[in-house]
Amino acid sequence: MILDEIVLHNFGLYADRQSITLTPPSADQPVILFGGLNGAGKTTLLDAFQVCLYGPFAKIADRNNVSYQDYLARSVHRGSKAKEAAIEIAFRHTIEGREDHYRLHRSWKVTPSGCKEHFQVLKNDQLDIALADNWISQVEDLFPPNIAHLFLFDGEQIEGYAAHENSQRLIGSAIQNLLGLDIVDQLEKDLQVYERRKRTEEKDDAGRSEIKEAEATVKELRSRIESLKQEQAALRTHKLDRKRKALADADNQYRKLGGELYDQRTEIEKRKSEAESRVEEGASALRELAVNELPLLLVRDLLESAQTRDAEEEEGRRAREVASVLEDRDKKILKQLRSQSVDGSAVKALQTYLTKDRKQRAKRGAQETVLDLLPEVRADLHSLIRDQLESQARDARTALQRHADAQSVAEHIQIEHASIPSPDAIAEVLNIRDGLREEIEKLEAEFAALSAEIERTMREIERRQQALTRLLEADAKTEAGRQDRERILRHALKVRGTLGKFRQAVIVRHVKRIEQLVLESYQQLLRKSSLVTRLTIDPEKFNLTLYGRDGSVLTAERLSAGERQLLAIALLWGLAKASGRPLPTAIDTPLGRLDTSHRMHLVERYFPYASHQVLLFSTDEEITGAYLQSLKPYIGRSYHLAYDDASGSTHVLPGYFEERKAA
Amino acid sequence: MSIENIRVSQTAKDQLIKLKRVTGIEHWNVLCRWAFCVSLAEESIPPNSKIPADSNVEMSWRVFGGRHADLYLVLLKERLLRDGLPLDTETIGQQFRLHLHRGISYLAGNRELRKIDDLIALAVPAA
């Protein structure tokens, strides 16, 4: 990269717009010299580069706890009315044989709400918005910020690096950055973060513990069922069965004593009274029958003979009635025959016959009427004999049978009733039996309760088992995730190991080269080139060890302060070379802390060769006189940073201190 | 020729009381009917004896005979005819009295007669 121009607009002490050309006129004149008294704005100019290049990421010397916004606001030149400032840098960068022109423009305006910043990039005169938006990553290709300190530094930093620990740190971080190991480190860090996150996920994965809990619960429930079942079985064998047997014995005893009859006593009594009333009904029926015609059955033959006699008496009565009629008639017939002059003998015969007949009839009619039955009595008699007596007899037999049956039934029931034991006799057994029944009831209830609980617990187990199955199913799903995680963690660990090894190997390989470069640079800077013959850098601790002519270690005490500072510069130079980036070098008050003997070393052996473009910012007491003379052939441009007290501003004027004096 | 009033003897009354108890029949006349028929069924003629009418148990023929009162007279007459006894008022009355008291005595003295069934059974002996 070659810086062509820097333009400051109201930045720091620099009022208005001031443009500084930086292009070296030729390859042999790489030094661009700036002269300025203390406080004239040398450091500000150096800072301007960083601000423009890196914006909020710029490492500015005095910007410690100040926010970027505040820094920008403060950097606006006090005298400016518009309250706005800008920095512009133009440079060229060659990549793959192609040279690109870049022009960066960073401006800002102070508003009541803060600083409004505007940044734009022109690449080859074309506004490149993408480039501007991604500038922070783009600038890595041009001027990586993490090795900027190897190219842009000041005298104080040199002094600082001369101390052992600081040099260690310098080397360590430079190696990191040069070798791009910061990326390796970042990767390692990211992996650790990732690992941590994955581990946290693991902890959050409650699945496992839930499953264990569920399994434990199921197991517990199962054992609970076992114990319940055992309890139930014991209850049955030891208590229930025994009591039941005792009850059976008591029942037997009860039965033997006639307990069953006692239980049925009300029924038996009822049946007894029923039977008794039926017997009584039967007896009443018989008594009713006794009132009617039954006794007449005893004299049936008398009734029949009376009936016969009555018939005879009836016949006689009829015969008597007929006899008188016949007598009249016979007289009339005979008279009629005699008058008709019928044969006297015939008439006489007829008379004899008729008289005989009448006499026979009269004999029959002589029957005496003794009974002399009235017609209704006759009818009654007939009716009795014909059917009444029979039907009465039938009714009587039926009633007798019924009564006899009723009586036998009553007898049986009476026997039963008599066998009913008295309450006293069975009271004791009854008590025992009832007591046992109660106990059995209680035991059975206990048994049932246990059964119910077993049932409940079984259902619970089923429920839990189902839940467990669901958990296991879900777990199987997360298992995949878990396995992934495990795999990732395993691999991450491996990768980190590999990265570590990689870093080691890379460092070891490149440290050799860096050692070489730093030694070359140091030997170039030192007049006593044989002071240091060898230089090693520990690949792990990054401490630098020097070896003297005799191969022995050169400790820090053996070097003078100046030699130590030169070593610091050699380090920076060597590391810059090791970076392989052809970047310009800018040094602020380079000779300030160095003693006289070593200043010449730098002027003669370093400044002209540090880079293809070397910006030096010197006070009037540093690069002067002999130093200036020695450097002159290599100075491409020189400027004077003139501070005007009256205006409180600095102007960049061409020409160094002496030339101005001369003018 | 009919009987107007019947008055039994004291002895007969006591017997009737026992029969009442045994059979449960509440009315004198019903028992008297049974007694009369029992005696009529007996072939032998009741021996002549003086039966005093010294109880307070008396009834009319109607009461005695009930629905078949006329028939009971017929039976008595028939029995007398069979026995060859004259049918004059005195004989009728006396014979009736004899038969009645004999019947009562038979029933009361019958050791087999312990309940109403046994009385009924007299009329309908088991087949």
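**Close-up 1. Charged side chains over aromatic rings in the predicted model.** In this predicted model, the charged end of B:K20 is placed over the ring of B:W28, at 3.9 Å from the ring centre. In chain A, A:R265 lies over the face of A:Y262, and here the distance from the ring centre is 3.8 Å.

**Close-up 2. An edge-to-face pair formed by A:F11 and A:W108.** Over all chains the structure holds 17 aromatic pairs; one of them joins A:F11 and A:W108 in an edge-to-face arrangement, with 6.0 Å from centre to centre and 90° between the planes. The pair links distant parts of the chain, since A:F11 belongs to strand β1 (residues 2–11) of chain A and A:W108 to strand β5 (residues 98–111) of chain A, 97 residues apart. A:F11 counts as buried because its relative accessibility is 1%, and A:W108, at 2% relative accessibility, likewise counts as buried.

**Close-up 3. A cluster of aromatic rings in chain B.** Ring pairs connect B:F36, B:W61, B:F64, B:Y72 and B:F96, and together these residues make up a cluster.

**Close-up 4. Nonpolar cores and the surroundings of A:I6.** The largest nonpolar core comprises 117 residues, and those with the most contacts inside it are A:I6, A:F34, A:W135, A:Y606 and A:F607. When residues up to four places away in sequence are not counted, A:I6 touches A:Q18, A:S19, A:I20, A:L22, A:L45, A:A48, A:F49, A:I87, A:E88 and A:I89. A second, separate core has 64 residues, among them A:L298 and A:I385 from chain A as well as B:L73 and B:L80 from chain B.

Terms used. Residues are numbered from 1 along each chain as its sequence is written. Chains are lettered from A and ligands numbered from 1 in the order in which they are written. This is a predicted model: local features need pLDDT of at least 70, side-chain atom pairs count only at pLDDT 80 or more; totals for chains, interfaces and linings use all residues. Side-chain values use heavy atoms; hydrogens and water are left out. Rings of Phe, Tyr and Trp (its six-membered ring) pair if their centres lie within 6.5 Å; planes under 30 degrees apart count as stacked, over 60 as edge-to-face and the rest as tilted. Helices (H or I, at least four residues) and strands (E, at least two) are DSSP runs, numbered from the N terminus. Buried means under 20% relative accessible area, exposed over 50%, partly exposed in between (1.4 Å probe, protein chains only). A charge sits over a ring if NZ of Lys or CZ of Arg is within 6 Å of the ring centre and within 35 degrees of the ring normal. A nonpolar core is a set of buried Ala, Val, Leu, Ile, Met, Phe, Trp, Tyr and Cys residues joined through side-chain atoms within 4.5 Å. Contact means heavy atoms within 4.5 Å.
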